[in-house]
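Please look over the structure shown below before reading on. The report that follows describes a few of its features in turn.

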Amino acid sequence: MDTVDTMGTAVRVSLVEDELMLRRMLEQLLHSRPGVALVHSVGGFQEARLVMTPGSTDVAIVDVQLGDGDGVALGARLQRADPDVGVLLLSCHDAMPAFLLAQETATKPWSYLSKRSSFAITTLTRAIAAAAAGEQVVDPYLVERSSARSDTQVSRLSPAQFRVLALVSQGRTNDWIAGELGIAVRSVENHLLAVYRILGLDSDGHNRRVLATLAFLQQTSRYPAT
Amino acid sequence: MIRRLAAATSPTGVVTLVGLLNAVLFALMAFAHWVGWGGPDGLESSGMTPGQVTATSVFVVVVDLVCAFAAVSLVVLTRPLGRRWRYRLGAVLTVSAAVAVVRVAALGDVGRPVTLVDDVLDGAATGLGYVVALVGALLVADLVVAYEAQMRARTAAEVASARQVARLEAQEGVRRRLVADRLHGAVQNRLVLLAAGIDQVVERLEPDRPDDAAALRRIADQLAEVSERDVRALSHELFPTAVDVSVVRAVRTLLDRLPPSVAGALDLGPTYRDLVDHGTDDPIVLPDRLVVVDTVEEALTNALKHGRAHRVRVRLDVERCVAGDAPLWLVGVVRADGRGPSGHVVLGGLERLRSRLAARGGGLHLTGDERGSVLRFDLPLRTAASPEDTLPGDCVP
């Protein structure tokens, strides 16, 4: 999923980042991607509120900590004004609690990348596509270093199921996961069904991949055992 | 005594109350004096029946009391408070003399033969009695007024001091936040940029020089680690992560950073949740948030370090003061399993936080046994809309 353009039209992206050098680097990256149209690039909360009018943006890439405000609050405000806008949160530190808190009121699942990962063009492209499509991508670096908290549903997953769920959390497709793990796509699907069952996720229309990702993030720790 | 009088009534009320008390006592003394010097006997010897003697005695008491009431009322009507003593003494002497003359005129020949000298002496003694009673009342009222002024000055000084402390705390918070933001923002962003730059070099090196690429990637990983762990830790020391957004966000961040072997949970009580839901921001002012988050962090650290806890649960709620509708109190409880403190509890690092809570009108209490520990703390809730409305007082939740 290295391209963003899935419907023949470019995904309109707005960038909100207060560090000028980072913003310029991300602008260059975004301009270089086919299927991405950078419509706004602003340096703060207030400026974003002024220029990002409802309907002008498909995906907002927002720094979690802005010089004049909170990026999570900005994302929530943008989604209240336009429920179709996707939000990709960027942070140079682990802002998982803020990200998880934002999901409680999100009209469309958010994605989350560390700034280091955002410079990996394939990861950034995948996250933009996911945010536009209502799917979810979580920073691979953070996911890779996650371990299950004791006495949680995630801790009851087998190592293979945990691995599959970690890759789903990174926004990987079943085909990609099958290739990565060297197993059949059918096996990936079976692992996922088992994951859903253990996590208690029914199939009543919710996006179970998103719910499973949120459960994964809530029930894992990215900090050492000591 | 003075404090009770000041709390019970106004200075004019004090003059009335103390004046009446003095004057009534004087009236009763005068009546006793009349009886002691043979007033009733004189009435009997003048041929009165016992019934007439009793009626006349009652008349004497009533006249004494009415004169006492009249003296006090007349002095109060002259509004002596706030005036110079020259005016006050003039009013007291005039009233006392007038009432004494009336009393002598009413009672002068009751029960005994009188001469002009008797009347003058009786009137002078009576007037002096009224003067002493009324001046005494005015002195007590002055004491009350001075006490009230002192209390007002002390309260104003306390309020000014609390405001100054709040301002200093706010300035301190702003400064700490600025430094933390610089660490979080500028320093971390530069480290991220360096790591990302190295990543790009690694991508180019990987096909031809995989060993060099792997070594460079390790350096980039270490940079990321320094950025994420060391810089974040420094920044957190200065200003707890997310505390500028809300207590809930900051406590969730603390719980998120617990080791994976520890299960952590945050419960919000209904009142707290209601306040959060209906406010645009956290209902707690920033200086109070810092104390709350530091207390929770210390409790979590102790539970893990000393108690070897595997489960911790933080509950935050807002309770109303039992003494009235306001103020609101934030009540926090941190429960942990593992081994809690037993016997005499030594607070250690919590002692400093207890002092900080106490300085803001709150407190903390730690209990524990072999099954775990419970830390309960509370704090008067000063809302962002009125940060100085609630000062420490007698009210407890």
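What share of the 397 residues of chain B count as buried? In chain B, 34% of the 397 residues count as buried, a residue being buried if 20 or more other C-beta atoms, placed from the backbone, lie within 10 Å of its own. This is a predicted model, in which local features need pLDDT of at least 70 and side-chain atom pairs count only at pLDDT 80 or more, while totals for chains, interfaces and linings use all residues. Residues are numbered from 1 along each chain as its sequence is written, and chains are lettered from A and ligands numbered from 1 in the order in which they are written.

Chain B has 11 helices and 5 strands, where helices (H or I, at least four residues) and strands (E, at least two) are DSSP runs numbered from the N terminus. Strand β5(B) pairs with two strands, as the table shows; pairing requires that DSSP finds at least two bridges between the strands.

| Strand | Partner | Bridges | Direction |
|---|---|---|---|
| β3(B), residues 328-336 | β5(B), residues 372-380 | 8 bridges | antiparallel |
| β4(B), residues 363-369 | β5(B) | 7 bridges | antiparallel |

Within β5(B), Val374(B) stands opposite Arg335(B), and Arg376(B) stands opposite His365(B). A hairpin of 2 residues leads from β4(B) to β5(B).

In chain A, helix α3 (residues 71-81) has as its buried residues Gly71(A), Val72(A), Leu74(A), Gly75(A), Leu78(A) and Gln79(A). Because these buried residues fall within an arc of 160° when seen down the axis of α3(A), they line one face of the helix, the arc being that of the directions from the helix axis to the C-beta atoms.

Conventions: Buried ≥ 20, exposed ≤ 12 C-beta atoms within 10 Å, placed from the backbone.
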